[in-house]
Structure formats: C-alpha cells, structure tokens
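Please keep the sequence and the structure in view while reading.

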Amino acid sequence: MSEQVEKDKPKLRLKGRLMSASEIERTLVRLAHEIVEKNDGAANLGLVGIKRRGVPIAQRIGRLIEKIEKVQVQTGVLDISFYRDDLSTSGARPTVTDGAIGFDVTGRDIVLMDDVLYTGRTIRAALDALFDHGRPKSVQLLVLIDRGHRELPIQATYTGRTIPTSSREIIEVKLREVDEDEQVLLVEVAE
C-alpha cells in the first residue's frame with residue numbers, strides 16, 4: 001500500500017528559496033510589532049496557532065510580544081485535522097476535531113495564526129472551531145505567506161509576505177519546531 005501512496009504523490013521540483021531562517025525571524029519581529037500597534041498593547045490579546053505550523057509561529061510571536069510589552073501573552077493551539085487541499089482541488093474537506101485551545105477565548109482579541117493562506121477553507125474551518133470554544137471580542141488573522149487563489153472572502157490582518165503563485169506551484173514552509181529546518185521554499189508540481 002505504501003508503494004501506491006508513493007506513486008500517487010505528485011513529483012515536486014524546487015523553484016527557489018523565498019525566505020531564509022533570518023528572514024523568517026525578521027518577519028516575525030515585524031509582525032509582533034504590528035500586532036502590538038494595532039491592538040494598543042497586549043492586555044487583551046490571545047494568540048492561537050492552527051496546528052501544525054501555526055503553533056510555533058504563535059509561540060514565537062508570543063515570546064516577541066512579551067519582550068516588547070513586558071507582559072505574558074496567552075498562546076494556544078487550535079487543532080484542525082484535514083487533508084491538505086492545496087495539492088489538489090479534489091481533496092477532502094477540512095474536519096474540525098475537539099480539543100482545548102488552552103485558555104478562554106471569550107471576550108478576548110484573538111489573533112489566529114497559520115503559515116500559508118491559500119483558498120481560505122482552512123481559515124473558515126478554524127473560525128468555526130474557534131467559535132465552538134467561545135465568543136472572542138475580535139478575531140484577526142496572521143499568516144506568514146499569502147499565496148493568493150482565494151475561494152472564500154478571507155483576508156489576513158497581518159501578512160509576512162505576499163507571494164503570487166500559479167496553481168501548479170506550492171509554498172513549503174519549514175520551521176525548526178516541526179521540520180528541523182527553517183526556510184520557505186517555492187516548489188512546482190513536475191509533469
């Protein structure tokens with residue numbers, strides 16, 4: 001069965017590196033400052049990372065905001081299990097699974113975080129899951145990369161980089177906490 005899975009997996013060709021580890025870090029520092037500025041501090045903030053790569057982004061930004069504002073910022077995890085639909089439009093729809101975020105979101109200004117914004121379907125599912133945990137005062141969205149191709153009217157409040165892509169291209173974000181590597185790559189589905 002694993003041989004069949006390998007056969008069905010699309011072949012990918014590296015087109016280039018879009019961000020190095022130091023560029024990712026500088027971008028997160030800038031985004032942390034933007035969050036503090038837009039929210040007039042960090043008193044009512046809660047940061048929620050969408051599992052997998054949104055979680056380390058939220059944790060890192062939380063530490064950065066704590067250094068800037070000298071107050072602890074609650075950081076949580078939103079568990080959304082799904083088949084990645086950015087490889088093919090025939091993939092399964094996102095499925096929200098139960099799980100605690102780690103703090104009460106009710107009445108808080110929540111910054112929802114993910115690595116790549118593509119069709120918007122993952123964010124829509126994340127919003128449904130977030131509101132199952134309570135009613136935030138506001139919800140803002142932070143993404144490291146916005147690659148376009150939206151299918152839903154979803155826009156990030158904070159964007160690390162906007163990188164227009166073709167439908168054959170894929171953005172691969174690699175973070176040391178998940179991948180033991182740190183960079184953003186542009187790859188293309190090979191013929």
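With which residue does Arg30 form a salt bridge? The partner is Glu34, and the closest N and O atoms of the two side chains are 2.7 Å apart. The model discussed here is predicted.

## Salt bridges within helices

Arg30 and Glu34 both belong to helix H2, which covers residues 21-38. Four residues separate them, about one turn of the helix. Arg30 has a relative accessibility of 34% and therefore counts as partly exposed. Glu34, at 28% relative accessibility, also counts as partly exposed.

A salt bridge also joins Asp128 and Arg124, with an N to O distance of 2.5 Å. Because these two residues stand four positions apart in helix H4 (residues 121-132), about one helical turn lies between them. Asp128 is partly exposed because its relative accessibility is 39%, and Arg124 falls into the partly exposed class because its value is 36%.

The side chains of Asp79 and Lys51 meet in a salt bridge, at 4.0 Å from N to O. This pair links distant parts of the chain, as the two residues are 28 residues apart. Asp79 is located in the loop between strand S3 (74-78) and strand S4 (80-81), while Lys51 is located in the loop between strand S2 (45-50) and helix H3 (54-69).

How accessible are these two residues? Asp79 has 24% relative accessibility and so counts as partly exposed. Lys51 has 41% and so counts as partly exposed.

## The whole structure

How many salt bridges does a search of the whole structure find? The search finds 14. Some charged residues form a network: salt bridges link Arg13, Lys15, Glu169 and Glu188.

## A buried residue without a salt bridge

Asp109 lies in strand S6, which comprises residues 109-117. Is Asp109 buried or exposed? Asp109 is buried, yet it has no salt bridge. The nearest side chain of opposite charge belongs to Lys137 and is 4.2 Å away.

Note on methods:
Residues numbered from 1 in each chain as written. Predicted model: local features only at pLDDT ≥ 70, side-chain atom pairs only at ≥ 80, totals over all residues. Heavy atoms only, no water. Buried < 20%, exposed > 50% of the residue type's maximum accessible area, 1.4 Å probe, protein only. Lys, Arg positive; Asp, Glu negative; His and termini not counted.
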